[in-house]
Amino acid sequence: MQFPPGFQWGTATASYQIEGAIREGGRGVSIWDTFAHQPRRVIDGSTGDVACDHYHRYKDDVALMAELGMQTYRFSVAWSRIFPMGRGGVNPEGLAFYERLIEELLAKGIQPALTLYHWDLPQALQDIGGWANRETATAFAEYAAYLFEKLGDRVTRWITLNEPLIFTMYGHRLGVMAPGQKDLGITARAVHHAMLGHGLAVRAFRANGRGGEIGITNANSSFEPADGSPECARAVEFARDFETRLFHDPVFGRGYPASVLKFYAERGAHFPIEPGDMETIAAPTDFLGVNLYSRQLVQPGGPTGFTSAAPTLPLLPMGYEAAPHSLGDFVRWVSKEYGNPVIYITENGVCDNTEPGPDGAIDDTTRMVLTRGFLEGLHGAIADGADVRAYYMWSLMDNFEWAFGFTKRFGIVHTDFETLKRTPKASARMYAAIARANSLDV
Ligand code: NOJ
């Protein structure tokens, strides 16, 4: 169960979920500040105002990563710390925070992997329409170019967007995440402009000429048919079109899936594609970021041609199935579908709300068992030829889980949200041992 030489192990986080200090260091307001402060948006009424207070505790957090033997760390930059209004005037104090963090990581031999957009759009850009406005795509590319210039000497791994499926659909169609809209036309525009922003950022990265690698991180499920019928097999393909291919195909030069464009067009919603856009979005990338947490059983039905079928495996607190085989399955599928790209597992992990026992120890057995299962599957996919080079556990520590607030714990380190004390869980020790050995035989 040895992983290939040079395989990297790390953890992942995101700015709004851990930083707090929302009014410090010249940071501008983001759409998640606005959203979380509205009544009934977050189930426990919490916000990211303080979160894990990582803004003040980043040194301790990096030290913790080093203790766990982590080799790389994926984090995101809060756009509104750099450009408080989304564009125009830059805030040097915001940049300085990330420079301090990066220096700390490098001093401990941990490679930074920087996500440019993990959902905290500057509110000033939402005020002009957010991702539904084409100007947000250009503002994103300008912000990205600024960071390439300022940090590109120390950061060599860049991720443009985190999970465009989730922030476009949950934020613009279902309204359960920021900015809380429910409009199919806005959704189509947001999807296209987000993908355009990705492509423009990749182009700006190449123009900067410093080298390093850039890619996109998509949200994924491993889709499985509810039964062996040809109808279910077709439903699986529809699910892949709407949730997977919509965000992968254009990056790999195939445009948006026809089935999805048709669905939107029939409802009067249009992708505002201008000449040259699809070429921009297809600007070659260096790796594919894969986030995956579970599988989804699908069956025919509904206007999209697929619906979810009843789960058959035990459910985790997030509501999805404990399906550790899904990681290897998806990696095999995506490697084949897109010509064996270099893959980083930019997120995988387990929601396990285990709290400290009487002795203070946190025995998060579910997380441990499932993590091993996920990694066994991944190991198998690599043995079959998938080019996977790094794995980032979501997450370093329990944090603000968006609309679920602090009610869902994904950390291998426990966060006490009263005292903000961090305590490594049993899973952290197991993961550290795996990372050190580069093997599951520990
Ligand atoms: C995906 C998202 O990128 C991250 O922000 C979230 O916390 C995890 N999945 C867990 O749901």
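Reply: The account below begins with the model itself and then turns to the ligand and to one strand residue.

This is a predicted model, in which local features need pLDDT of at least 70 and side-chain atom pairs count only at pLDDT 80 or more, while totals for chains, interfaces and linings use all residues. Residues are numbered from 1 along each chain as its sequence is written, and side-chain values use heavy atoms, with hydrogens and water left out.

The ligand sits in the largest pocket. A pocket is, on a 1 Å grid over the protein atoms alone, an open set of points where a 1.4 Å probe fits, with protein on both sides within 12 Å along at least five of seven lines; a molecule sits in one if more than half of its atoms lie within 2 Å of its grid points.

There are 13 residues around the ligand, of which Q17, N162, E347, E401 and W402 come nearest; a residue is near if one of its heavy atoms lies within 4 Å. The shell divides into 6 nonpolar, 4 polar and 3 charged residues. The protein covers 94% of the 300 Å² of accessible area (Shrake-Rupley method, 1.4 Å probe) that the ligand has on its own.

Strand β8, a DSSP run (E, at least two residues), spans residues 342-348 and contains T346. T346 counts as buried because its relative accessibility is 0%, where buried means under 20% relative accessible area. Its side chain makes a polar contact with the side chain of N291 at 2.6 Å, that is, a pair of N or O atoms within 3.5 Å, one able to donate a hydrogen and the other to accept it.

Conventions: On a 1 Å grid over the protein atoms alone, a cavity is a set of points where a 1.4 Å probe fits but cannot get out, and a pocket is an open set with protein on both sides within 12 Å along at least five of seven lines; lining residues have an atom within 4 Å of a point. Ala, Val, Leu, Ile, Met, Phe, Trp, Tyr, Cys and Pro count as nonpolar, Asp, Glu, Lys and Arg as charged, and the others, Gly among them, as polar. Helices (H or I, at least four residues) and strands (E, at least two) are DSSP runs, numbered from the N terminus. Buried means under 20% relative accessible area, exposed over 50%, partly exposed in between (1.4 Å probe, protein chains only).
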